[in-house]
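Work through the following exercises with the coordinates at hand, trying each task before reading its solution.

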Amino acid sequence: MTLAETLPVVWYFIIGFAVMMYVLLDGFVLGIGILTPFADDAAQRDHMMNTAAPIWDGNETWLVMGGAGLMAAFPKAYAVVLSSLYLPVLVMLVALISRGVSFEFRFKAAKSRVVWGFAFAAGSIVTAFMQGLILGALVEGMPLTGGKYIHATAFAWFSPFSVLTGVAVVFGYALLGATWLVLKTDGRVQRIAFDLTRPLMLAVIAFMLLVSAWLPFLDSNLMARWFTWPNFLYLSPVPLLTVLNAAALWVAVIRNREVAPFVLSLCFFVLGFIGLVVGIWPNIVPPSLTIWQAASPVQSQGFVLVGVVIMIPAVLAYTAYSYRIFRGKVAADAGYY
Amino acid sequence: MNEALFLSRLQFGWVISFHILFPAFTIGLASWLVFLEAWWLKTRNDHLRDLVFFWMKVFAVSFGVGVVSGIVMSFQFGTNWARFSADAGNVVGPLLNYEVLTAFFVEASFLGVMLFGWDRVGHKTHFACTCMVALGTLASTFWIMSANSWMQTPAGYVIKDGVFEPADWWQIVFNPSFGVRLPHMVLAAFLTTAFMIGGISSYYLLRNRFVEKARLCLKAALVFVAIVAPLQIIVGDMSGQEVRAHQPAKLAALEGIWTGGTNVPWTVFAIPDEQTESNRYALDIPHGGSLILTHSWSGAVAGLKSFPPDDRPPVAIPFYAFRVMVALGVLMVLVAWVGLWKWRRGTAFTSRSYLKSWLWMMPSGFIALLAGWWVAEVGRQPWVVYGLLRTADAVSPNITDGSVLASLIVYVAVYVSLFGFVGWYLLKMLRVGPVAVPPRRRVRTAARPLSLGDEEMGDRP
């Protein structure tokens, strides 16, 4: 295999990894935001937000890494995807700003605390929904005319399927947030989180089934790989593991475990993500733009790969280190602020 | 005219102008913190430690806004400038990705320890982390200036089927204008911060608060500006030489020269008229243009008329912005040198009128910085990659006018209110000021930029 054949594959996984890191790390923080309306009072909301206070900032760097990586390694995909999803991306960015600044301003404000609390919850919900919607629109596919762009439309991304994936991601992040709170809190907040975990888990499993059942009926050809023989056999560990994972999560929640539900929820996301990556392969923009067609030349991908190989392990080591520093339960009156 | 194109240009100008204010400030602040902390490590003067803590809070807030507005930037190229991304992404994308790898991740990694690790790590380790954050901000400047300079003076590429492909990364990164534009930007960021530091310190001196600390800061700012502002004028002049060599149409626009030739005058002020291709109410200094631009009495400078109208940049914005930048640069030197003279006479830190001049000059760095960038970016028009890819051919072909209008309105509304909140919060912080910090504080664990600076604010939970 030549470099021109292998480098795009390597980059497909690098970007997939960056996006997955973002989804896992920011997923539970957005989940906390989605769940703050369920708190009894402002003190409990503070408690919830304090659990993520020390670690949420670095998480967004993974999103920027995904964006910049896509531009460097697959500029055509970066151009098509972002311009086609103009409005969802806009709304997501504004929601991210709202979430980010209200995380901070809420603790500084005296009279306007309620407003910032609302902005935090709304920003988190809208961010999650838009990310799911963007995912759904991507999976549905963006047909290119003449090998390049679709003609100008503002709402091509809107469909029942993309709305479904949008709602699904809101529930998925909420599950991550709930199990994170089970892990990091005690007392009343942990109780609330426990009570939310079961219905959320059921909803997420239902959404996973619904989305999976819908996939074969999409025009995008996506997931065709899943349903051809003998691929189905080779790939069967993924759905099997997902079923096992769901069962284990169920048992862990029933038994009021504290650590296992969060870890298993993360695994749930990883498995779903793998299923998606395998399904989209070898396209980067379904239904027809392959990673080799969208790839930047070897000189571009190779040049940045050097930096990735040196920097990403260091970044991962530091991330693990900072999570270690902030391990353990966060008390209701933790002095983060 | 294509509405989506025009609105996209407005929007890019708006979001980048808003964004650049914060990185510019934090580039300077990070190095200022390195300087203060090194000074403290050497002398163990308590005032210096209080100042480190105070400026760290200002840094944290500005950095936070820089991060959120920076995320917007990283998506702008794809949403609004899809053809630029698709055609030039092979070259520009890797430069921006290196910024993420060598700057953003480094800053994110060491920021937590710098902001919240004072009591958790040794003083030297903390200092090392502050240095890494400062290095991160400079690495970010390096890559952004490289990418932007490549768009000004492209090099090291080949074009295949209308798409840029890298041929020589060394030539791309160190393209012809990079060598002078990088120091110009770094010095601009440092001067911006120096005037904020000097202005805030003068504010305290005028109100007789934190007198000793404010004097320390104002002295540092004054000496720094006295040396660096003249240096910046020299670097700016070199930058002008570089523009003359590589972007003659931009030079003609920013100087308002319609008819080129030898013995060109320097236009102090005029109203450039693109219809008649001439300047109205021009105040000219004979031979000034030749002298400044070519360093000789009668040197030749190209005029706008020697370029086809389609290849000319708009004249008014670069022309006025350049004059604003130069005037502020001269004022900066003046304020600092007058200060040195007054310092010798012993009145620099007590004269109310002199301290007020620093107060007035507080935003001068920001204004000069924006003016300089408008000269560079508007002057590059009608090209996005100079001489090779037109801005009109770079815009996303598949976005609707309505979408871009909506996004422009949203970004204006969001950023104006964000600016209001941040300004209000910084003001609150200034009112508290560089209060004394107890030598050993209880262990704090948060590691987010904006959450620092909550204590002593009075009204938090």
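**Exercise 1.** Which residues of α10(B) meet which residues of α11(B)?

*Solution.* The model is a predicted one, in which local features need pLDDT of at least 70, side-chain atom pairs count only at pLDDT 80 or more, and totals for chains, interfaces and linings use all residues. Residues are numbered from 1 along each chain as its sequence is written, while chains are lettered from A and ligands numbered from 1 in the order in which they are written. With contact taken as C-beta atoms, placed from the backbone, within 7 Å, B:L331, B:V335, B:G339 and B:K342 of α10(B) meet B:Y354, B:S357, B:W358 and B:M361 of α11(B). By class, this contact has five nonpolar, two polar and one charged residues, where Ala, Val, Leu, Ile, Met, Phe, Trp, Tyr, Cys and Pro count as nonpolar, Asp, Glu, Lys and Arg as charged, and the others, Gly among them, as polar.

**Exercise 2.** Describe how α10(B) and α11(B) pack.

*Solution.* Helix α10 (residues 316-345) of chain B and helix α11 (residues 352-361) of chain B pack at an angle of about 155°, with their axes 11 Å apart. α10(B) is therefore roughly antiparallel to α11(B), a term for angles over 145 degrees.

**Exercise 3.** Determine whether B:G136 is buried or exposed.

*Solution.* B:G136 lies in helix α4 (residues 123-152) of chain B. B:G136 has 24 other C-beta atoms within 10 Å and is therefore buried, the cut-offs being 20 or more for buried and 12 or fewer for exposed. Leaving out residues up to four places away in sequence, B:G136 touches B:A103, B:V106 and B:E107.

Notes. Axes fitted to C-alpha atoms, helices over the stretch in contact; angles between N-to-C directions. Helix = DSSP H or I, 4+ residues; strand = E, 2+ residues; numbered from the N terminus. Parallel < 35°, antiparallel > 145°, perpendicular 65-115°, else oblique. Contact = placed C-beta atoms within 7 Å.
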